[in-house]
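Please look over the chain shown below.

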Amino acid sequence: MELSKLPLPEFTGALAGKTPVPGGGGASALCASLGAALGSMVANYTVGKEKYVAVEADVSHILGEAEELRAQLLALIDADADAFEPLSRAYGIPKDDPKRAETLEKCLHDAATVPMEIARLSCRAIDLHAELLDKGSAMMRSDVGTGVIMCWAALYGAALNVKVNTKLMRDRAYADALNTELDALVDTYWKRAEAVYEAVLKCYE
């Protein structure tokens with residue numbers, strides 16, 4: 001079953017249910033995809049307007065990238081489910097099974113990989129919203145603000161889903177490398193997202 005293609009009521013019902021997937025990783029991917037979609041909408045309302053002809057090439061590029069991000073993030077809903085289900089089964093392997101540790105370690109690596117990519121793409125979407133704040137239609141600033149906080153939330157959610165897996169890894173060098181990259185992204189991009197949101201908010205004060 002492709003979770004990303006479920007009607008919204010069915011997806012949210014599955015998210016609410018007592019099933020391992022979709023979970024926080026899939027929800028984060030959806031949230032970032034919605035943020036990217038809002039960026040696309042802002043770009044679509046900017047391209048073709050005489051007032052913004054000087055930045056049209058830049059905004060057209062943003063539109064193309066936002067649409068690519070939206071599609072990638074939707075695909076990561078299913079990738080997250082595909083990675084997590086084997087991990088949930090691995091936890092059920094008897095502790096005296098000699099292959100348990102190796103199997104669990106591989107599943108932890110796989111399960112951390114997808115939310116790490118969600119985090120990276122969420123940051124890229126935040127960058128696009130920062131650019132749209134300056135170049136997008138002024139009529140759409142509230143959508144820039146909404147989009148950026150959705151990507152911000154997705155980054156935080158993805159970060160938790162990386163950390164829950166790296167904490168249990170035996171390969172500490174790999175876990176530490178992921179955590180170091182992730183911490184740097186979070187430290188940089190919560191500030192960037194907040195700056196965009198605050199700038200939008202000031203427009204309405």
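Ile118 is in contact (heavy atoms within 4.5 Å) with Gly25, Ser28, Ala29, Leu73, Leu76 and Ala158, leaving aside its neighbours within four places in sequence. This is a predicted model, where local features need pLDDT of at least 70, side-chain atom pairs count only at pLDDT 80 or more, and totals for chains, interfaces and linings use all residues. Residues are numbered from 1 along each chain as its sequence is written, and side-chain values use heavy atoms, with hydrogens and water left out.

Ile118 also belongs to the largest nonpolar core, which has 59 residues. Such a core is a set of buried Ala, Val, Leu, Ile, Met, Phe, Trp, Tyr and Cys residues joined through side-chain atoms within 4.5 Å. Buried means under 20% relative accessible area, exposed over 50%, and partly exposed in between, using a 1.4 Å probe and protein chains only. Which members touch the most others? They are Leu69, Leu73, Leu76, Ile118, Val144 and Leu182. At least two core residues come from each of helices H2 (24-46), H3 (56-90), H4 (100-135), H5 (141-166) and H6 (172-202). H4 gives the most, with 16 residues. In soluble globular proteins, nonpolar side chains tend to be buried together.

Now the chain as a whole. It holds six helices and zero strands. Read along the sequence, the pattern is α-α-α-α-α-α. Helices (H or I, at least four residues) and strands (E, at least two) are DSSP runs, numbered from the N terminus. The C-alpha atoms fill a box of roughly 70 × 35 × 30 Å, taken along the principal axes. Of the 205 residues, 44% count as buried. Take the contacts between residues at least 6 apart in sequence: 77% of them join residues at least 24 apart. The accessible surface comes to about 10700 Å², and carbon and sulfur atoms own 59% of it. That area comes from the Shrake-Rupley method with a 1.4 Å probe.

Helix H6 has 31 residues. Its first and last C-alpha atoms lie 44 Å apart, close to the 45 Å expected at 1.5 Å a residue. The expected span is 1.5 Å times one less than the number of residues. Among the buried residues of H6 are Leu178, Leu182, Leu185, Tyr189, Val196 and Val200. An α-helix has 3.6 residues a turn, so residues three or four places apart point the same way. What covers the buried residues of H6 includes H4 and H5.

Three more residues are set side by side here.

| Residue | Helix | Relative accessible area |
|---|---|---|
| Ser33 | H2 | 4% |
| Ala111 | H4 | 6% |
| Thr166 | H5 | 1% |

Why does Ser33 count as buried? Its relative accessibility is 4%. The contacts below skip residues up to four places away in sequence. Ser33 touches Arg70, Leu73 and Leu74. Leu73 is also a contact of Ile118. Ala111 touches Ala83, Leu87 and Asn165. Thr166 is in contact with Arg172, Ala175, Leu178 and Asn179. Ala175, Leu178 and Asn179 are among the buried residues of H6.
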